[in-house]
Amino acid sequence: MILDIEISDLRKLTEYIKTKGNYDFTNYAMSSFKRRILRILELYRLPSVDALIEKIESEPTFLEVFICEITVNVTEMFRDPSFWRQLRDEVLPNLLLNHKSINIWHAGCSSGEEVFSMAILLKEANLLDRVRIFATDLDKEIIQKAKKGKYTLKNMELNQKNYIRFQGKFELSKYFKEEDGFAVMDPSLVENVTFRVHDLVQGPVFNKFDLALCRNVMIYFNQSLQNSVLNKLHESLFNYGYLCVGSKESLIWCDSANKFIVVNNEEKIYKKIKE
Amino acid sequence: MRNFKINSDYKAVVIGGSAGSFQGITKILSQIPEDFPLPIIMCLHRLKHVRNGFVEALKLKSTKDIVEPVDKESIRRGQVYLAPANYHLSIELGNYFSLSTEEMFNNSRPAIDITLGTAAYAYRHRLVGILLSGANRDGGIGMARIQQKGGLTIVQDREECMISTMPQAALDLAPMDYELKLNEIIDFLNQLHKKLNS
Ligand SMILES: C[S@@+](CC[C@H](N)C(=O)[O-])C[C@H]1O[C@@H](n2cnc3c(N)ncnc32)[C@H](O)[C@@H]1O
């Protein structure tokens, strides 16, 4: 028989995590959330959701492990190369035409591949010193990983392929050193990056940005949560600032959708036009 | 022609396929009645990093329009959907899709087990699951789920499959209602169409 979890168990768990750890997963998309829980049960050989709650309760350090496992951190450098070309050729020139310096936010940056992609893009356009980057994620461990910029060589193969399709100026290997089987990214790329833990669901609006990337994060939320997070993203943008979401996401059903215009539908680039 | 016992409760058809299934899928899509009333949700293994072109290739001979859903898109009657490249496609309770970039499953993203499994959960006995030719075992668990929830399960005839690993995986896990040749699958869908429109 294939193991399954009841909705009532999922509710019990999200309630528990909310009071215990101040994380709110109530409005995460059900199917992927359920798969994450099943995965944790399997990984830690736990027979039930009750056993999982018991483990979090009795092992103080397990809550962070749980958060790390529950979030989906899969990411790539230059994922959707055509999107990055659009940023390089249209969005950034446009922003930097009107501003001496700009603020960029990577919301849900995961292990940082997206941030390094941005830094490389900016460096190749000689714009790195005109940009201040904030990179945030819910998951403490993954933010630590992002700061280190250390990736497996296997992942680097894919990143390299994407970089070529992005049509970068050099070779991706220019930006990392190989150290015992890992690729260590050039730290000067992220000198001006602030990495920080931030929760899009419960956290505050903490700054104003000219460009916000929130790609493949809201797909883990249900529609009502997408709606409220989009309000937050909207509030975090300057007027005429840009918002980029994942290539298969859509904002059209959100309340603040009419405060944005579509800049590029294929690449899911939007521009805020109303406060 | 074979006559199938079909009830009119069905709300959706899900189709999984991999290596050797492209021709079969195209054949089904070219012969399905234009007004086939159920949503048809397809999860086919495809190149991870080629975002465009696959839907267009499938559309060439299809009687119906085909779209890749965006995240949280509502599932519409009579629409054909294809899981997008590099995302898992799930069906949620409440009749909509969601996408995810979770780890590959069975070396695949999209993984057929995920689409079929979530469809089984959402539609229960009101689902028809079809698994075509394929070289890995993805889809086996999904079909077993559909069987478990009382849906109707069809695998492509192993002799006819270019590679029968996938239907075999399903048969290894659970009894399937039918093992059919492509032409019979098309007959089945036509009879289902008649039944639903009567
Ligand atoms: C699939 S990754 C996306 C990485 C990258 N943006 C990309 O598109 O490749 C999703 C990230 O969203 C983060 N996340 C999930 N819920 C969040 C929340 N409430 N606040 C901030 N980040 C969150 C996860 O920890 C995970 O690292």
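Guide: Helices (H or I, at least four residues) and strands (E, at least two) are DSSP runs, numbered from the N terminus. This is a predicted model, in which local features need pLDDT of at least 70 and side-chain atom pairs count only at pLDDT 80 or more, while totals for chains, interfaces and linings use all residues. Residues are numbered from 1 along each chain as its sequence is written, chains are lettered from A and ligands numbered from 1 in the order written, and side-chain values use heavy atoms, without hydrogens and water.

Visitor: OK. Where does Asn22(A) lie?

Guide: Asn22(A) is in the loop between α1 and α2 of chain A. Its phi is positive, about 60 degrees, although Asn22(A) is not a glycine.

Visitor: Why mention that?

Guide: Because most residues other than glycine have a negative phi, and most peptide bonds are trans.

Visitor: And which peptide bond is cis?

Guide: The one from Arg109(B) to Pro110(B), with omega near 10 degrees. Pro110(B) sits in the loop between β6 and α3 of chain B.

Visitor: Next topic. How many residues does each chain put into the contact?

Guide: Chain A puts in 37 residues and chain B 31, with contact meaning heavy atoms within 4.5 Å. About 2800 Å² is buried between the two chains, and carbon and sulfur atoms give 46% of that. Buried area is the accessible area (1.4 Å probe) that two parts lose on being put together, summed over both.

Visitor: How many salt bridges are there between chain B and chain A?

Guide: There are 7, each being a side-chain nitrogen of Lys or Arg within 4 Å of a carboxyl oxygen of Asp or Glu. One of them joins Lys248(A) to Glu68(B), whose closest N and O atoms are 2.9 Å apart.

Visitor: Which parts of chain B touch chain A?

Guide: β5 (88–92), β6 (96–100), α3 (112–123) and α4 (140–148) of chain B each supply at least two residues to that side. α4(B) gives the most, with 4 residues. By class, the side has 10 nonpolar, 9 polar and 12 charged residues. Ala, Val, Leu, Ile, Met, Phe, Trp, Tyr, Cys and Pro count as nonpolar, Asp, Glu, Lys and Arg as charged, and the others, Gly among them, as polar.

Visitor: What volume does the largest pocket have?

Guide: About 1000 Å³. Its lining takes 39 residues, and the closest to the centre are Ser31(A), Lys34(A), Arg35(A), Arg36(A) and Leu38(A). On a 1 Å grid over the protein atoms alone, a pocket is an open set of points where a 1.4 Å probe fits, with protein on both sides within 12 Å along at least five of seven lines; lining residues have an atom within 4 Å of a point. Points are joined across faces, edges and corners, and a volume is the space filled by probe spheres set on them.

Visitor: Which element gives the largest share of that lining?

Guide: α2(A), with 10 residues. By class, the lining has 20 nonpolar, 7 polar and 12 charged residues.

Visitor: And the second largest pocket, what is its volume?

Guide: About 720 Å³. Of its 28 lining residues, the closest to the centre are Asn73(A), Val74(A), Thr75(A), Asn155(A) and Glu103(B). α8(A) gives the most to this lining, with 6 residues.

Visitor: Back to salt bridges. How many over all chains?

Guide: The count is 25. Among them, Lys12(A) pairs with Asp50(A), the closest N and O atoms being 2.7 Å apart. That pair links helix α1 to helix α3 (residues 49–58) of chain A, 38 residues apart.
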